[in-house]
Amino acid sequence: MTELLGIPMQASDHIDVYSGVSRMAGKIWGSLHSAEATPSKTAALLVHPTSNFMGHYLLAPLAERGIDAAGLATRYIGNDSSLTMENCVLDVGAAIRFLRERGYEKVVLIGNSGGGGLAALYQSQAESPTITSTPAGDPPDLTCADLPPADALLQLMAHPGRAQVLTDWIDPAVVDEADPWTRDEELDIVSGRIRPPFSPEFIERYRAAQIARNRRITAWVREQLDRLAAADGELQDLPFVVHGTTADPRFVDTAIDPSDREPGTMWGPTAVANMMPASLAHYSSLRSWLSQWSVDESNCDGALHMSRISVPALVMYGTADQVCFPSYATQMFDAVSHDDKRLVPVTDGLHYLSGQPEKIAFVADTVVDWLREHDLAR
């Protein structure tokens with residue numbers, strides 16, 4: 001059985017959702033798949049900051065195995081240009097509270113892909129809140145929010161957070177933010193000028209240039225926010241474009257962070273994805289940049305927050321994943337400070353297991369067996 005869930009949303013002080021209908025509705029949405037034969041007292045909640053998980057591939061398989069499963073769509077569904085990670089935390093909290101009010105005794109939080117950093121951030125703040133504002137100084141204050149902790153945390157083909165991923169992916173050959181065609185040829189891996197294998201010295205220089213570019217954008221964002229504050233008007237934010245966001249050397253040289261993956265990206269060849277409007281992080285507002293993309297200022301540091309959780313943790317990763325590499329999984333697994341944790345590879349698993357029904361079944365079986373071992377499958 002499938003049910004559409006209308007979950008009451010805590011409003012934002014800023015207009016950061018384009019749709020007026022969505023703002024007036026005051027709801028976020030979820031899709032609940034229920035086991036028809038035996039009512040379940042456990043619900044699995046799958047989350048991501050922007051992706052529409054209401055049709056997630058794991059919902060039906062979990063329900064078929066006796067675990068009710070809900071896929072969440074946050075207020076930023078399909079559009080992260082003004083996304084605030086702290087508001088996503090509120091949305092996850094609203095969904096968990098909604099499920100508990102529906103009578104579920106156990107709620108298991110599953111972060112998939114970009115939901116990994118969000119799930120870690122949520123559970124950390126639900127257990128021991130520390131964040132009083134966004135990096136821009138705006139609400140929400142998570143220490144005052146209603147954030148029911150989940151009973152277990154699963155990371156599935158996940159990464160530690162959007163700021164780290166963008167910094168790992170951003171193209172350091174872009175030297176003029178207004179002109180993507182002005183490029184540093186000594187760092188240009190997407191044009192084919194520099195070919196793999198890449199030396200350790202080149203990778204070190206490339207990574208340093210990526211961090212430097214992220215920090216240059218952050219410094220510019222801070223300057224623009226200062227100008228807005230000095231103007232003392234009603235305007236609180238501005239949009240801008242980021243060129244070249246999909247140029248991780250691991251997309252080109254599979255010997256780096258080795259796995260079973262093929263060269264390229266989830267959106268196709270690296271050179272195409274790097275400038276494709278539909279790929280990662282090309283559009284942002286000033287305040288959103290600080291919250292989700294700034295490597296120094298974002299609160300969404302998955303490894304940090306995984307180190308603060310007390311609940312059982314299961315981390316699964318696909319060995320053929322072109323998006324979330326093995327090191328992301330081990331980084332979050334190693335960060336968990338207690339011993340009730342497990343790291344499970346999905347052999348030859350792609351990022352969303354597209355066209356891999358046997359891999360989906362393996363993930364679902366592994367999740368349900370692990371929940372049963374922890375007396376969480378009810």
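Select arginine 205 and glutamate 186 in this predicted model: the two form a salt bridge, with their closest N and O atoms 3.8 Å apart. The pair joins distant parts of the chain, 19 residues apart. Arginine 205 belongs to helix 6 (residues 200–231), whereas glutamate 186 lies in the loop between helix 5 (162–169) and helix 6. Colouring by accessibility shows arginine 205 as partly exposed, at a relative accessible area of 42%, and glutamate 186 as exposed, at 54%.

Next, select aspartate 188. This residue is buried, with a relative accessible area of 0%. Its side chain meets that of arginine 183 in a salt bridge of 3.0 Å, N to O. Aspartate 188 also forms a salt bridge with arginine 193, where the closest N and O atoms are 2.5 Å apart. Side chains of opposite charge can pair when their charged atoms come close.

Then display Asp168, Arg207, Asp248, Arg250 and Asp257 together; salt bridges link these residues in a network. Across the whole structure, a search finds 20 salt bridges.

Finally, turn to the cysteines. How many disulfides does a search of the whole structure find? The search returns zero. Select cysteine 88 and cysteine 300: the sulfur of cysteine 300 is the closest cysteine sulfur to that of cysteine 88, yet the separation is 8.7 Å, too far for a bond. Cysteine 88 is buried, with a relative accessible area of 0%. Cysteine 324 is likewise in no disulfide, and its nearest cysteine sulfur, that of cysteine 300, is 12 Å away. Cysteine 324 is buried, at a relative accessible area of 2%.

Note on methods:
Residues are numbered from 1 along each chain as its sequence is written. This is a predicted model: local features need pLDDT of at least 70, side-chain atom pairs count only at pLDDT 80 or more; totals for chains, interfaces and linings use all residues. Side-chain values use heavy atoms; hydrogens and water are left out. A disulfide is a pair of cysteine sulfur atoms within 2.5 Å. Buried means under 20% relative accessible area, exposed over 50%, partly exposed in between (1.4 Å probe, protein chains only). A salt bridge is a side-chain nitrogen of Lys or Arg within 4 Å of a carboxyl oxygen of Asp or Glu. Helices (H or I, at least four residues) and strands (E, at least two) are DSSP runs, numbered from the N terminus.
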